[in-house]
Amino acid sequence: MGEDCVPVVDFQQLCAQGECNKLREACEKCGCFRIINHPISITLMADMKSVAKYLHDLPKEIKKRNKAIIPDSGYVPSSVTSPLYEGLGIYDMYSTPQAVHNFCSQLDVPSHHRNIIQTYGQAIHDLVSIISQKMAESMDVVGADFKDWPFIFRIIKYNFTLETVGEVGVQLHSDTGFMTLLQDDEHVGGLEIMDDSGSFVAVPPKSGSFLCIIGDVAQVWSNGRFRNVKHRVLCKETTTRYSFGAFMLASRDGNVEAPKELVDPNHARLYRPFKYEELREFRITTGKRAGEVLEQFRIS
């Protein structure tokens, strides 16, 4: 399997039934897909990457000012389990007007970079909301509104060196939220997904696109139809890798459950309703990050 392992979905064609079916199939069979022909300009994507490089070049003592509002929403330094990973984050940047201001003030970000972060953040919020809505419509769930769902805007750097080639940059995991909309590095690979056989398949970079990754919440919300794909990042070359984007979590009230449209005599409810915080707390206390928590919520 090569690049074909990741389906490509045309954003501008999502009103057509064929493309909508392709979206649903990608969510069910692969757990991820690339979105092309989206409304975010190549220029804005390039500008945000320049800002990402600027932010990660700041001294570590300044980056530490990026405090977490919820776990993993602020600065995350490299660690024993993820020695090549470093991340900055902004929580709920769309619904909380002060979020971007506070982030930029803490890190002394110049006004030009602030404007780029603000513009990009608004654009990526709108895009992830629309794609999530189209995912719901592909399941015949009409009227689902994801605009108010909180997300973490995460800016990630992988410190790849000659000595770390072959090492894991991020351990195998599934994302906890509904969906991740990722602008991955257009030049530097390393992202791998796990297929049905348990083998790792490389996800090649594709300039100008976004990678959409289905998370744990989406698997529960879809009553088990969508797949929370497991993935990791492997160091394969001696250069720095940047990726960033929206990690959409769960509904504002934190409730995670399948809507009534997806539960019927032919599709019994697979998971009991629970709070998103339960899922996150499990990962923190156990260290298990590859979707194991969902078995605890499965209805026997």
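Which residue of E8 is the bridge partner of Met-194? In E8, that partner is Phe-200, in a predicted model whose local features need pLDDT of at least 70, whose side-chain atom pairs count only at pLDDT 80 or more, and whose totals for chains, interfaces and linings use all residues. Residues are numbered from 1 along each chain as its sequence is written, and side-chain values use heavy atoms, with hydrogens and water left out. Helices (H or I, at least four residues) and strands (E, at least two) are DSSP runs numbered from the N terminus.

**Sheet**

- Four strands form an open sheet in the order E5-E10-E7-E8, with antiparallel pairing, where two strands pair if DSSP finds at least two bridges between them.
- Strand E5 (168-173) and strand E8 (200-202) are the edge strands, each pairing on one side only, and from one strand to the next the twist averages 25 degrees.
- Strand E7 (residues 191-194) pairs with E8 in the antiparallel sense over three bridges.

**Helix packing**

- Two packed helices are described by the angle between their axes and the distance between the axes.
- The axes of helix H4 (residues 98-106) and helix H5 (residues 111-138) come within 10 Å and cross at roughly 150 degrees, the axes being lines fitted to C-alpha atoms, for helices over the stretch in contact, with angles from 0 to 180 degrees between N-to-C directions.
- The contact (heavy atoms within 4.5 Å) is made by Val-100, His-101, Phe-103, Cys-104 and Ser-105 on the H4 side, and by Arg-114, Ile-117 and Gln-118 on the H5 side.

- Trp-221 is found in helix H6 (residues 216-221) and, at 8% relative accessibility, counts as buried, a class defined as under 20% relative accessible area, with exposed over 50% and partly exposed in between (1.4 Å probe, protein chains only).
- Not counting residues up to four places away in sequence, Trp-221 touches Ala-136, Val-141, Phe-146, Phe-178, Phe-226, Glu-257, Ala-258, Pro-259 and Leu-262.
- Trp-221 and Asn-255 lie 34 residues apart in sequence, and their C-alpha atoms are 9.9 Å apart in space.

**Cysteines**

- A search of the whole structure finds zero disulfides, a disulfide being a pair of cysteine sulfur atoms within 2.5 Å.
- For Cys-212, the closest cysteine sulfur is that of Cys-27, and because the distance is 8.2 Å, the two are too far apart for a bond.
- Cys-212 counts as buried at 0% relative accessibility, and Cys-235 counts as buried at 1%.
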